[in-house]
Amino acid sequence: MPVGEGLRRVAAIDLGTNSTHLLIASVDPQLRTFQVLLAEKSTTRLGERDPDTGDLSPEAMERARLALRHCRELASSHDVEEIVCVATSAMREAPNGVAFLEEVERDFGLKTEVISGPEEARLIYLGVLSGMDFAEQPHYILDIGGGSTELILADAGDARALTSSRVGAVRLQRDFIRQEPLDRKRVQFLRAFIQGSMEPAVEKVRRRLEPDETPVLVATSGTAMAAAALLAVDRPELNGRLHGAEFSRAELDALVQRVLSLTPEERRALPGINARRAEIIVPGLLVLQQAMEMLGASHFVISDRALREGLIIDWMLRHDLIVDRFVYQGEIRRRTVMHHASKYGVSITRAERIAAFALDLWDQTRGSLHQAPESSRQLLWAAAMVHRCGLRINTSAYHKHSWYLVQNGELLGYSHSEQRVIASLARYHRKSLPKKRHESWNLLSQEEKTLVERLSLLLRLAVAMDRRPGGAVKTVVASCTSKQLKLQLEPIDVGDDLSLELWSLQTCSPMIQSAAGLSLRSELLRSRQPLAV
C-alpha cells in the first residue's frame with residue numbers, strides 16, 4: 001500500500017524461542033484493514049540456554065541484540081508511529097530474561113512485554129482471525145513454536161479455549177535428541193512425551209466442543225509452514241501459495257516417515273526449508289502429527305498469519321480502529337476485496353453498481369441459465385468488484401492483467417479454489433470465451449470451470465449494462481427459457497433510450513449463444529419495445 005493520507009504505520013516484533021520476527025504494516029483506518037509492507041525473520045535461537053542455570057547464553061543474547069537493532073532501524077526507516085514488541089517462551093523462562101530486556105530498552109529504546117502462554121494464544125487467535133473466514137464452523141488453531149505449543153478452540157464469535165503447553169521444536173531438540181536419525185525407541189519416547197505434555201490442552205478444547213461439532217484444524221507458524229513447504233513440492237497446483245492450502249493426515253504421515261530416516265545433512269538438502277529449520281523439523285513434525293492424532297483431525301489448513309499479525313490487530317483494537325473484532329472477522333471477505341480494489345485504483349462506486357447488476361442476474365437466472373451453489377454468489381460479487389484492477393497496468397487486455405493481479409494477490413478469507421474462480425471470472429468478463437490453451441483455464445478444476453463458464457456470462461452482461469461512468473441503468477429484469485435470455489432495462493432518466501447499453505449488450509450475443517445456446521434479447525422496460533440485438 002503506498003503512503004497516503006490517513007494511513008498509519010506500525011511495527012510488530014515477536015522475540016521467539018527460535019526466531020525474531022519483524023512485521024511492518026500500513027493500517028487503513030477507513031477500511032479497517034492493514035497491508036504488510038515488510039516481513040523479516042532472523043534465527044536468534046534464544047531457546048539454546050545454559051543447561052545448568054537456564055540463563056540465556058551470551059551467544060544467544062548477542063544474536064538477539066543484532067536482530068533487534070536491525071528491526072529498530074528498519075522500523076525507523078519506514079517512519080512507523082509505534083513499535084509493539086513482545087517476547088514469548090524463552091524469555092518467560094530464562095532467569096536473566098528481564099535483565100536482558102532492560103538492557104535492550106536502554107540501548108535501543110525498545111520496550112518489550114513478556115507475554116504469558118494464554119496471552120500468546122490470544123494474539124495468535126487474532127492473527128489467524130484476520131486472515132481466515134471461520135464462517136459458522138469451529139476451528140482448532142495449532143501454533144507449534146520453539147518452546148511452546150498453543151492450541152486454541154475458536155469460532156467466528158469467540159475464542160472458547162486458549163491453551164499453551166511447554167512443548168516445542170527447539171525444546172524437544174535441545175532436551176531429548178542427541179543422535180540422528182532417531183531410532184524407534186527414541187521416536188516412541190518423543191511421541192509419548194508430546195502426548196503427555198499436550199493432554200491437558202487437548203482435554204480443555206474438547207470439553208468446549210458441542211456434541212455435533214467437527215472443528216477444522218488450522219496450523220500456523222514455523223513448523224507448520226515448513227511442513228506445508230515440503231508437502232507442496234508434490235502439489236504444483238498450489239504454485240507456492242501456502243496460506244489456505246489443505247493437507248491430509250496421510251500426506252503428513254508419509255512426510256514424517258520419510259524425514260525420520262534422513263540424517264541432518266540430508267534434511268538440509270530438502271527443498272523449501274532453510275538449514276536452521278531442517279535442524280528442528282523432526283520434533284516439530286512429531287508434535288504436529290501427534291496433535292492431529294489426539295484431536296482426531298484428518299486434515300489441516302495452513303494460515304500464514306499468527307502472532308505478528310495478531311499484534312497489529314491488537315494495536316488496531318486498542319486505538320479504536322476496530323470497534324468489534326468479531327464484526328471485523330465477519331466482514332473479512334468484504335474488507336479484503338475492497339482493499340484489493342482500492343489498491344489498484346478501481347472506482348468503488350462503479351464496481352458496486354456492476355456488482356449489483358451481476359447479483360440481480362444471478363438471482364433471476366438461477367435454475368435456468370445457471371445451477372450454481374449459493375456460495376458462488378459471493379464469488380461473483382468479488383469478481384465484479386475487482387474485474388477492472390488490471391487497468392492500473394494497461395488498458396490493453398486489462399482483463400488478463402486483472403486475472404494475474406487477483407490470482408497472485410492476497411484475498412484473505414477465500415480458499416485457493418475460490419480465489420482461482422474470482423480471478424477467472426475477472427479474466428473472462430470480456431473478449432473471448434475460455435479456451436483450452438489459456439493458462440488461466442488450465443489451472444481450474446472441472447467444477448471450477450463449470451462455475452466460471454456460466455457466472456462469467458453474468459459479469460459480462462453486467463459490465464455491458466454499465467458503459468457510462470455515471471451509470472444509466474436503474475434496474476434489470478431477466479427471464480430465461482430454454483431458447484432465449486431476455487433482459488429488460490429500466491433507465492435512471494426516463495427520457496434515456498439506453499441505446500449505448502443495448503448496443504453493448506448486442507456485442508455479448510454471440511458469446512451467450514456459443515456458451516449457453518441461448519439467443520439474447522434486450523429492451524427498455526418502460527416501453528417493452530425491443531431493440532435489435
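Strand β6 (residues 139-144) has 6 of its 6 residues buried, where buried means under 20% relative accessible area, exposed means over 50% and partly exposed lies in between (1.4 Å probe, protein chains only). H139, I141 and D143 point one way from β6, while Y140, L142 and I144 point the other way. The structure is a predicted model, in which local features need pLDDT of at least 70 and side-chain atom pairs count only at pLDDT 80 or more, whereas totals for chains, interfaces and linings use all residues. Residues are numbered from 1 along each chain as its sequence is written, and side-chain values use heavy atoms, with hydrogens and water left out.

- Strands (E, at least two residues) and helices (H or I, at least four residues) are DSSP runs, numbered from the N terminus.
- Two strands pair if DSSP finds at least two bridges between them.
- Strand β6 runs antiparallel to strand β7 (residues 149-154), to which 6 bridges join it.
- A hairpin connects β6 to β7 through 4 residues.
- Strand β6 runs parallel to strand β9 (residues 216-220), and 5 bridges join these two strands.

- The order β8-β7-β6-β9-β11-β10 describes an open sheet of 6 strands with mixed pairing.
- At the edges stand β8 (159-165) and β10 (246-248), each with a single partner strand, so one side of each has no neighbour in the sheet.
- From one strand to the next, the twist averages 25 degrees.
- Angles run from 0 to 180 degrees between N-to-C directions, and axes are lines fitted to C-alpha atoms, for helices over the stretch in contact.
- Helix α7 (residues 221-232) packs on the sheet and touches β6, β9, β10 and β11 (299-303), where contact means heavy atoms within 4.5 Å.
- The direction of helix α7 makes about 110 degrees with that of β11.
- Helix α6 (residues 184-207) lies across β6, β7 and β8, and runs at about 180 degrees to β8.

**Aromatic pairs**

- A pair of aromatic rings is described by the distance of the centres and the angle of the planes.
- Rings of Phe, Tyr and Trp (its six-membered ring) pair if their centres lie within 6.5 Å; planes under 30 degrees apart count as stacked, over 60 as edge-to-face and the rest as tilted.
- By this rule there are 5 aromatic pairs.
- One of them is the edge-to-face pair of Y428 and W441, with 6.0 Å from centre to centre and 90 degrees between the planes.
- Y428 lies in the loop between α17 (416-427) and α18 (439-442) and W441 lies in helix α18, so the pair ties together parts that are 13 residues apart in sequence.
- Y428 is buried at 1% relative accessibility, and W441 is buried with a relative accessible area of 7%.
- F176, F189 and F193 form one aromatic cluster.

**Salt bridges**

- Side chains of opposite charge can pair when their charged atoms come close.
- A salt bridge is a side-chain nitrogen of Lys or Arg within 4 Å of a carboxyl oxygen of Asp or Glu.
- This rule gives a count of 37 salt bridges.
- Among them is the salt bridge between the side chains of R63 and E48 (3.8 Å, N to O).
- R63 lies in helix α1 (residues 58-77) and E48 in the loop between β3 (33-43) and α1, so this pair ties together parts that are 15 residues apart in sequence.
- R63 is partly exposed at 21% relative accessibility, and E48 is partly exposed at 32%.
- R45, E48, R63, R276 and E279 are linked in a network of salt bridges.
- R65 forms a salt bridge with E62, their closest N and O atoms being 3.1 Å apart.
- Both R65 and E62 lie in helix α1, 3 residues apart, which is about one turn of the helix.
- R65 is buried with a relative accessible area of 17%, whereas E62 is partly exposed at 38% relative accessibility.
- The side chains of R122 and E119 also meet in a salt bridge (2.8 Å, N to O).
- R122 and E119 are 3 residues apart in helix α4 (residues 117-129), separated by about one helical turn.
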